[in-house]
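Me: I have a protein model open and want to learn how to read it. Can you take me through it feature by feature?

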Amino acid sequence: MIPAGRSAATGGRPSGCGGRSGVDWQQRADVVVIGTGVAGLAAGLAAHRRGARTVLLSKADETATFHAQGGIAVVLPFTDDTVESHVADTLAAGAGLCDADAVRSIVADGYQAVATLIADGARFDESAPGQWALTREGGHSRRRIMHAGGDATGAEVQRALDHAAATLDIRRNHSALQVLHDDTRVTGVLVNNSDGLGVIHAPSVILATGGLGHLYNATTNPEGACGDGIALALWAGVGVADVEFVQFHPTMLFDRHGSGRRPLITEALRGEGAVLRDARGDSITAGVHPMGDLAPRDVVAAAIDARLRATGDECAYLDARGVERLEQRFPTVTAACRRAGIDPVRQPIPVVPGAHYSCGGVATDVHGRTELPGLLAAGEVARTGMHGANRLASNSLLEGLVVGGRAGRVAAEHAHDAGSPMATVESVERDALDRTELQAAMSRWASVVRDADGLDALTAALATATPRPLRTRADVEDVALTATARVVAAAALARTESRGCHHRADFPVTDPAQAVSRTLHTRPAVCLP
Ligand SMILES: Cc1cc2nc3c(=O)[nH]c(=O)nc-3n(C[C@H](O)[C@H](O)[C@H](O)COP(=O)(O)OP(=O)(O)OC[C@H]3O[C@@H](n4cnc5c(N)ncnc54)[C@H](O)[C@@H]3O)c2cc1C
């Protein structure tokens, strides 16, 4: 450990521009993992098991992983399911923007990754002793979703990984503010904790920071899902791809006055027979798609959005009264509904589409490598090519497990080869818009359906953001929200077509010429005088 309060020696040219500032503490590691959800813990365990000195950072107790309900999509051996069938379903949902090789690679390693998770103590539901219970979700052509505790899969995945990682060096209430780097490689991370600002010098850093749902005023995402990892990558000069593809889950519990995190009503309910209707009792997806209520998420979300616009209704209804053993099979959903005063056994559940998942993210290969040596990304923050323009249900826990594990192994190897860089710290400030204002603008202009006028208005609103120094968790979240909103707006404006979960009212048709993934970079940091 390097003594506190001393500036680090320089190692290469400083990142960004401007003068150096002191920090309150400094440490060293081989691998720093930012995030302790499925991707971060899978990465941390893999790096640790390769012998790397690994530190995991988490700014909050809550993860999206904990809240996952439906399950993990996986092709079990010795069944009539096949990797090619899972790949085909994933490519179909991804609407021409998946990287087929990436999908095949990740799907093919799914069973091995789940087997490792089971060896680490995870328990999945069984239909008979020794036989996993499999359910079906939207866009899957067969039952291949493993689940736990009925609809509490994420809680079990988190529990098992937390348990397996219990002996690792996990730092809670540590917010990563900046990825530090020189001209050629990563050198560490700038962190805030209760002791102030610190640097962890490290040759390998893995972003596993999850999603960006809090760009919007209502989301299924936990508090803290503010796009931090996307912003950290952009500030390090690393590209992000396909960020216009924000998936809106068709069925978030409706609450007229609710904002922030809202309960998800899992798609698996529709897999078990629940049906979507409008306030008059008419089907919402009839005639829209051959798979009806089990169509891919973007199709169902857009159908609900169109019906609400046409009728002026506040919400749609998911009628789950016909689902057998509803309370036992879906205890999480039942409890969330009852907390909101709705009994799903007796009443249809009021639902609206809600910001749920970022299909795009930090551009990586299938091992989590970004364009900056030593910087990796895995889980929801990353864009591997798995999800394309629209993620298939239950493919993200799978991707987090598989790519998280791979990224951990690559990071450990890189650290072994790269030696011990010394990071330098810059005093930087970046733009932040008031959070409520930003969420209102994103919800109004960059939601399920967008158009050029709205996106221009959003861009203009974001241009009024003012500089803020980066010192606390709130600072990094607000500036990350602004940086992420800007890049989402720019990507959405540039994609003059409708594809996957990006729906343009002014370009309602898919344009075959735009079946390409797009990577964006951002401007250099603003420096303090
Ligand atoms: C309600 C809900 C239900 C879902 N159901 C399913 C499902 O059934 N199946 C499925 O496959 N997927 C599902 N998903 C999606 C899936 O859960 C997530 O995509 C996945 O868990 C993301 O994992 P992650 O490890 O990338 O991020 P997370 O689990 O969100 O973890 C992010 C971590 O990063 C940390 N962090 C973020 N920023 C910083 C920072 N600046 N400094 C330090 N730490 C930071 C957070 O504290 C947290 O520890 C669901 C999502 C939600 C919200």
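**Reading the ligand site and the fold**

Reply: Start at the ligand: a polar side-chain atom of Ser58 lies 3.3 Å from one of the ligand's oxygen atoms. A polar contact is a pair of N or O atoms within 3.5 Å; within protein, one must be able to donate a hydrogen and the other to accept it, and residues adjacent in sequence count only if both atoms are side-chain atoms. Before we go on, note that this is a predicted model, where local features need pLDDT of at least 70, side-chain atom pairs count only at pLDDT 80 or more, and totals for chains, interfaces and linings use all residues. Residues are numbered from 1 along each chain as its sequence is written, and side-chain values use heavy atoms, with hydrogens and water left out.

Me: Which side chains have a polar atom by a nitrogen atom of the ligand?

Reply: Asp228 places a polar side-chain atom 2.8 Å from a ligand nitrogen. For Ser396, the distance from a polar side-chain atom to a ligand nitrogen is 2.7 Å.

Me: How much of the ligand's accessible area does the protein cover?

Reply: The ligand on its own has 1000 Å² of accessible area, and the protein covers 97% of that. Such areas come from the Shrake-Rupley method with a 1.4 Å probe; for residues, only the protein chains shown count as cover.

Me: Which elements give two or more residues to the shell around the ligand?

Reply: They are helices H1 (38-49), H2 (64-67) and H12 (395-418), along with strands S3 (54-58), S10 (175-181) and S20 (349-358). Helices (H or I, at least four residues) and strands (E, at least two) are DSSP runs, numbered from the N terminus.

Me: Which residues come nearest to the ligand?

Reply: There are 37 residues around the ligand, and Thr65, Gly70, Gly71, Glu380 and Ser396 come nearest. To count as near, a residue needs one of its heavy atoms within 4 Å. By class, the shell has twelve nonpolar, 21 polar and four charged residues. Here Ala, Val, Leu, Ile, Met, Phe, Trp, Tyr, Cys and Pro count as nonpolar, Asp, Glu, Lys and Arg as charged, and the others, Gly among them, as polar.

Me: Now the aromatic rings. How do I describe a pair?

Reply: Give the distance of the centres and the angle of the planes. Rings of Phe, Tyr and Trp (its six-membered ring) pair if their centres lie within 6.5 Å; planes under 30 degrees apart count as stacked, over 60 as edge-to-face and the rest as tilted.

Me: How many aromatic pairs does the structure hold?

Reply: It holds two aromatic pairs. Phe124 and Trp132 have ring centres 6.4 Å apart and planes at 80°, so they are edge-to-face. Phe124 is buried at 6% relative accessible area, while Trp132 is partly exposed at 25%. Buried means under 20% relative accessible area, exposed over 50%, partly exposed in between (1.4 Å probe, protein chains only).

The rings of Tyr216 and Phe248 have centres 5.2 Å apart and planes at 80°, so this pair is edge-to-face too. Tyr216 sits in the loop between strands S13 (204-207) and S14 (218-219), and Phe248 in strand S16 (residues 246-253), so the pair ties together parts that are 32 residues apart in sequence. Both Tyr216 and Phe248 are buried.

Me: Which charged ends lie over rings?

Reply: The charged end of Arg329 sits over the Phe330 ring, 4.4 Å from its centre. Arg391 lies over the face of Tyr357, 4.1 Å from the ring centre. The test is that NZ of Lys or CZ of Arg is within 6 Å of the ring centre and within 35 degrees of the ring normal.

Me: Why is helix H7 described as largely enclosed?

Reply: Eight of the eight residues of H7 (residues 228-235) are buried, so the rest of the structure largely encloses this helix. Among them are Asp228 and Trp235. Just after H7, Gly237 has a positive phi of about 85°.

Me: Is Thr54 buried or exposed?

Reply: Thr54, in strand S3, is buried at 9% relative accessibility. The Thr54 side chain reaches the backbone oxygen of Ala52 at 2.9 Å.
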